[in-house]
Amino acid sequence: MCPPGKWSSSELAQLVERQMRNWELARAQQPAAAPDQPPPSVAAYIALSRAVGLPAFKVATWLSERLGWPIFDRDILQVMSGDDDYRRRLYAHMDGRDLGWLEGFVRGLTQSRYTRDDYFRRLSETVLSIARQGHAIFIGRGVAHILPRDTGLAVRLTAPREFCVESYASQKELTIDAATREVTAIEDERARFVKNHFHLDWENPTHYDLVINMERFPVEATGELILTAAKQKGLIPQPSGLV
């Protein structure tokens, strides 16, 4: 799978369509829930927040290959939340109880400490609906601040600024000066998004379950740390027979 930012519109549409079909097949194989059974909460998830320039998508891919969980980054979430057909298909399997839960949860988000613009509402509905379908790995968009925290692991990937700028410059084939300007602009946009919608400082480590310095831990080691934390939190089932 290519990293975000390198997909064409048609490739993004194919990725989303493939995932929609996977969910539809999984639902067709599930037994019907009992009428008096309460609607399930969202499935276990991992939400990655990252400093600009860090290989969050590589970390997510490493995790996805081991867990079998799909990845949803900013580009994919933007497509899904902006397309009414995808949203309709996400909601199609929900009964009145599910839709009531979703509406109530989103209302609570938008009427408390969150802003009320239409994009954020659509994003929140999409993220909640995705997490309702099954396990997922999210990258960016403040997802950990949308979903119930007790069912997921919020991870912050960080590193010294010089490391991030050099990494970004290498990825984009830019000079250090040009990379510094772009990193600053992107960081400012992300900080505004989190501040405006969640009234939080996105770099505050207390908002996350786990903070990893990727200057010290490369992709595989970072993935292993995240897996260990997810197991400790009870988000990943242990193999049968193990105590």
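Two strands count as paired if DSSP finds at least two bridges between them. Helices (H or I, at least four residues) and strands (E, at least two) are DSSP runs, numbered from the N terminus. This is a predicted model in which local features need pLDDT of at least 70 and side-chain atom pairs count only at pLDDT 80 or more, while totals for chains, interfaces and linings use all residues. Residues are numbered from 1 along each chain as its sequence is written, and side-chain values use heavy atoms, with hydrogens and water left out.

The protein chain has nine helices and five strands. The five strands form an open sheet with parallel pairing.

**Overall layout**

- Along the sequence, the elements of the protein chain follow the pattern α-β-α-β-α-α-α-α-β-β-α-α-β-α.
- Of the 243 residues in the protein chain, 47% are buried; buried means under 20% relative accessible area, exposed over 50%, and partly exposed in between (1.4 Å probe, protein chains only).
- Among contacts in the protein chain with a separation of 6 or more, 76% are between residues 24 or more positions apart; contact means heavy atoms within 4.5 Å.

**The sheet**

- The strand order is β2-β3-β1-β4-β5.
- Strands β2 (71-72) and β5 (210-213) are the edges, each pairing on one side only.
- Strands of a sheet pair through backbone hydrogen bonds, either parallel or antiparallel.
- β2 pairs with β3 in the parallel sense over two bridges, and Ile71 has Ile137 of β3 as its bridge partner.
- β1 (residues 45-50) pairs with β3 (residues 136-139) in the parallel sense over four bridges.
- Within β3, Phe138 stands opposite Ala47, and Ile139 stands opposite Leu48.
- β1 also pairs with β4 (residues 152-158), again in the parallel sense, over six bridges; Gly152 in β4 is the bridge partner of Tyr45.
- β4 and β5 run parallel and are joined by four bridges, with Leu157 partnered by Ile212 of β5.

- β1 is mostly covered, with six of its six residues buried.
- On one side of β1 the buried residues are Tyr45, Ala47 and Ser49, and on the other they are Ile46, Leu48 and Arg50.
- β3 is covered on both faces too: Ala136 and Phe138 are buried on one side, and Ile137 and Ile139 on the other.

- Helix α6 (residues 118-133) has 16 residues and spans 23 Å from its first C-alpha to its last, close to the 22 Å expected at 1.5 Å a residue; the expected span is 1.5 Å times one less than the number of residues.
- Because 13 of its 16 residues are buried, α6 is largely enclosed by the rest of the structure.
- Two packed helices are described by the angle between their axes and the distance between the axes.
- The axes of helix α3 (residues 74-82) and α6 come within 9 Å and cross at roughly 105°; axes are lines fitted to C-alpha atoms, for helices over the stretch in contact, and angles run from 0 to 180 degrees between N-to-C directions.
- α3 and α6 are therefore roughly perpendicular; angles of 65 to 115 degrees count as such, under 35 as roughly parallel, over 145 as roughly antiparallel and the rest as oblique.
- The contact involves Leu77, Gln78, Met80, Ser81 and Gly82 of α3, together with Tyr119, Arg122, Leu123, Thr126, Val127 and Ile130 of α6.
- By class, the contact of α3 with α6 has six nonpolar, four polar and one charged residue; Ala, Val, Leu, Ile, Met, Phe, Trp, Tyr, Cys and Pro count as nonpolar, Asp, Glu, Lys and Arg as charged, and the others, Gly among them, as polar.

**Helix α8 and its crossing with α7**

- The axes of helix α7 (residues 161-172) and helix α8 (residues 176-198) come within 9 Å and cross at roughly 110°.
- This makes α7 roughly perpendicular to α8.
- The contact of α7 with α8 has seven nonpolar, two polar and four charged residues.
- α8 has 23 residues and reaches 32 Å from its first C-alpha to its last, close to the 33 Å expected at 1.5 Å a residue.
- Buried residues of α8 include Ala178, Arg190, Phe193 and His197.
- The buried residues of α8 pack against β1, α6 and α7.
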